[in-house]
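Please keep the sequence and the 3D view open while reading.

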Amino acid sequence: MKLEAELNKIHGRVIKLLDSIKGYELERRRVRLEERKYNLAKQKLSGAFEVNPETGEIDDESDDPSDDLDV
């Protein structure tokens, strides 16, 4: 019974960690989308759009290399 109780505690901790990871990933995606929206709005205001030469689409990705770092 003690082993089962410990297993339940560990299982609960694993579930909590998985929820935290999922929340972090969702927040990261939301922030990235907001950055892209900001970059597009900035391009609209300046009237100078950056276009991807390969696809011909407006490039709303940030040029900041620190964006690619994973913590």
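The report below goes from the overall fold to single residues.

## Basis of the model

This is a predicted model, in which local features need pLDDT of at least 70 and side-chain atom pairs count only at pLDDT 80 or more, while totals for chains, interfaces and linings use all residues. Residues are numbered from 1 along each chain as its sequence is written, and side-chain values use heavy atoms, with hydrogens and water left out.

## Overall architecture

The protein has one helix and zero strands. Both are DSSP runs numbered from the N terminus: helices are H or I with at least four residues, strands are E with at least two. The helix, α1, covers residues 2-46. It has 45 residues and reaches 66 Å from its first C-alpha to its last. That is close to the 66 Å expected at 1.5 Å a residue. The expected span is 1.5 Å times one less than the number of residues. Just after α1, Gly 47 takes a positive phi of about 80°.

## Surface and burial

Of the 71 residues, 4% count as buried. Buried means under 20% relative accessible area, exposed means over 50%, and partly exposed lies in between (1.4 Å probe, protein chains only). The accessible surface comes to about 6700 Å². Carbon and sulfur atoms hold 59% of it. These areas come from the Shrake-Rupley method with a 1.4 Å probe, and for residues only the protein chains shown count as cover.

Ile 10, Val 14, Leu 18 and Ile 21 make a nonpolar surface patch of about 360 Å². Patches are made of residues with over 30% relative accessible area and no salt bridge; like charges are joined within 9 Å, and nonpolar side chains (Val, Leu, Ile, Met, Phe, Trp, Tyr) within 5 Å. Ile 10 sits in helix α1. Its relative accessible area is 46%, so Ile 10 is partly exposed.

## Salt bridges

The structure holds five salt bridges. Each needs a side-chain nitrogen of Lys or Arg within 4 Å of a carboxyl oxygen of Asp or Glu. Side chains of opposite charge can pair when their charged atoms come close. Glu 6 and Lys 9 are three residues apart in helix α1, so about one helical turn separates them. Glu 6 is partly exposed at 39% relative accessibility, and Lys 9 is partly exposed at 45%.

Arg 30 and Glu 27 also meet in a salt bridge, at 2.6 Å from N to O. Both lie in helix α1, three residues apart, about one turn of the helix. Arg 30 counts as partly exposed at 43% relative accessibility. Glu 27 is partly exposed too, at 39%. Lys 37 and Glu 34 form another salt bridge, with 3.5 Å from N to O. This pair is three residues apart in helix α1, so about one helical turn lies between Lys 37 and Glu 34. Lys 37 is partly exposed at 49% relative accessibility, and Glu 34 is partly exposed at 38%. An α-helix has 3.6 residues a turn, so residues three or four places apart point the same way.

Is Gln 43 buried or exposed? Gln 43 has a relative accessible area of 7%, so it is buried. This residue is found in helix α1. Leaving out residues up to four places away in sequence, Gln 43 touches Ala 48, Phe 49, Glu 50, Ile 58, Asp 59 and Asp 60. Contact means heavy atoms within 4.5 Å.

Ile 58 lies in the segment after α1. It is partly exposed at 44% relative accessibility. With residues up to four places away again not counted, Ile 58 touches Leu 40, Gln 43, Phe 49, Glu 50 and Val 51. Lys 42 is placed in helix α1 and is partly exposed at 45% relative accessibility. Lys 42 and Asp 60 are 18 residues apart in sequence and 9.6 Å apart in space, C-alpha to C-alpha.
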